[in-house]
Structure formats: C-alpha cells, structure tokens
Amino acid sequence: MGNRTEHTKSKKWKRLFIGLLSFNMILLFVLLTLIFWPVPQAEYPEKATEETDANSEFIVRTTKKNLNDLANTYIDQLLEGTDHEYRIELGDDVHLIGELPVFSSTVPLSVHLEPFVQENGDIILKQKSISIGLLKLPNKKIMEYMDKYLPMPEWVTVNPKEEEIYVAVTDIELKSNFQVAVEHIDLQANNLSFKFRIPYQTLGIN
C-alpha cells in the first residue's frame with residue numbers, strides 16, 4: 001500500500017516537472033522569437049530631387065557703376081589710416097588713378113588696363129598705357145613703384161615684368177562663405193557677370 005502511494009506521488013512530480021520544463025521552454029522560445037524577429041524597414045517619403053553636389057551656382061549680372069562703387073569702397077577701407085591714395089574708374093577699360101611717392105614727394109599716377117577673364121574665374125589686367133606725372137620712366141619701372149608703394153589686397157599681384165596685374169577673384173574670402181568667380185566682363189557693352197557658388201553647409205544643408 002505504501003509502495004503504491006509513493007509510486008503515485010513520484011509520477012505526479014514527474015508530470016509536474018515535465019510540465020514546468022515544457023512551459024519554460026515555450027516561454028524561452030517566445031522570448032527569443034520576439035528578440036530576433038526582423039525589424040520592418042521604415043518607408044521614408046521619396047526625395048523630390050537627388051543633389052550630389054556640395055554647392056549650387058548662381059550667375060549675378062551687374063553694371064560698371066555698381067562694380068566701380070564696390071571696388072572704391074573696398075579701396076577706401078584698405079587705405080584707411082595710410083597716406084596713400086588711389087581709385088578705380090571703369091569706363092571702356094580699367095583706369096587706375098592715384099599718387100606715387102617719388103623723391104620725398106608725390107606725383108600723379110594714371111594707368112589704363114584691359115581686363116581678361118581667366119578660365120578659373122580670375123582676371124588679368126593688361127597694361128595699355130601708363131604715366132607718372134611728367135617723369136619719363138619705363139613702364140616696368142613705374143609698375144615696380146606701384147608694387148612697392150601702393151597697398152594692395154593679398155589677392156592682387158602686380159607683375160612689372162609682364163606689365164600686368166593679376167586679380168585672384170577666386171581667392172577673395174567673403175564672410176558669407178560664398179565663393180565668387182568672374183563669368184564675363186565686357187566694359188564697352190556694360191555687360192558684367194559673376195558666378196557665386198553657395199555651399200549647402202553655409203545654408204545649414206548637409
């Protein structure tokens with residue numbers, strides 16, 4: 001009688017153990033399935049345009065008067081606090097008018113230059129005529145004096161040997177971080193245009 005009761009209890013415990021083990025196995029399987037189930041791919045709205053460049057380009061047209069005012073405003077600021085004086089007049093060519101210190105005095109300077117737009121957007125100003133008061137000096141010597149005595153922006157290079165001035169417009173640093181280059185200059189037709197590159201990062205676009 002006692003052996004039969006103990007045998008019955010043993011079977012009951014085995015069933016309970018198997019049942020509990022089976023329940024734990026099923027629970028573990030469900031948890032693993034939920035953890036490793038593939039995450040569905042989110043569907044984003046389609047982009048209207050796919051931009052691959054880091055910037056956009058805009059062509060801005062202007063007039064000789066606007067450019068003349070801008071150039072001379074910049075020159076006035078550059079010469080502030082110095083004893084030097086010169087200005088630019090845009091007519092049928094580029095006319096630089098100013099004064100050069102010679103022999104502890106100053107003499108009037110007049111230079112006519114022809115602009116040539118370079119492939120990279122810079123400008124070369126080729127000397128057409130040049131005079132320095134009543135002094136008879138070679139053109140190259142006058143340009144040497146210009147290079148030595150006239151304050152110029154760091155992106156302007158006077159080349160006395162070639163009798164020209166190189167204006168590296170593409171090296172001008174603008175506070176807006178825009179990049180500028182010359183597109184076209186025809187002074188006689190009053191047709192001037194510049195190319196502005198606007199980096200997307202400047203506008204907060206990545």
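**Close-up views of a predicted model**

In this predicted model, the count of aromatic pairs comes to 2. The legends below take up each pair and then an aspartate.

**View 1. Y74 and W155 form a tilted aromatic pair.** The ring centres of Y74 and W155 are 5.7 Å apart, and there is an angle of 50° between their planes. Because Y74 belongs to helix α2 (residues 64–79) while W155 sits in the loop between α3 (139–149) and β6 (156–159), the pair ties together parts that lie 81 residues apart in sequence. The two partners can also be described by their accessibility: Y74, at 39% relative accessibility, counts as partly exposed, whereas W155, with a relative accessible area of 17%, is buried.

**View 2. Y145 and Y149 form a stacked aromatic pair.** Here the distance from centre to centre is 6.0 Å, with 25° between the planes of Y145 and Y149. Both residues lie in helix α3, where they are 4 residues apart, which corresponds to about one turn of the helix. Y145 has a relative accessible area of 24% and is partly exposed, and Y149, at 28% relative accessibility, likewise counts as partly exposed.

**View 3. D93 makes a side-chain polar contact with H112.** D93 is found in the loop between β2 (86–90) and β3 (94–102), and because buried means under 20% relative accessible area, D93 counts as buried at 10%. The polar contact joins the side chain of D93 to the side chain of H112 at 3.1 Å. When neighbours within four places in sequence are left aside, D93 is in contact with H112, L113, E114, K128 and L187.

Note on methods. Residues numbered from 1 in each chain as written. Predicted model: local features only at pLDDT ≥ 70, side-chain atom pairs only at ≥ 80, totals over all residues. Heavy atoms only, no water. Phe/Tyr/Trp six-rings, centres within 6.5 Å; stacked < 30°, edge-to-face > 60°. Helix = DSSP H or I, 4+ residues; strand = E, 2+ residues; numbered from the N terminus. Buried < 20%, exposed > 50% of the residue type's maximum accessible area, 1.4 Å probe, protein only. Polar contact = N/O pair within 3.5 Å; in protein donor to acceptor, adjacent residues only side chain to side chain. Contact = heavy atoms within 4.5 Å.
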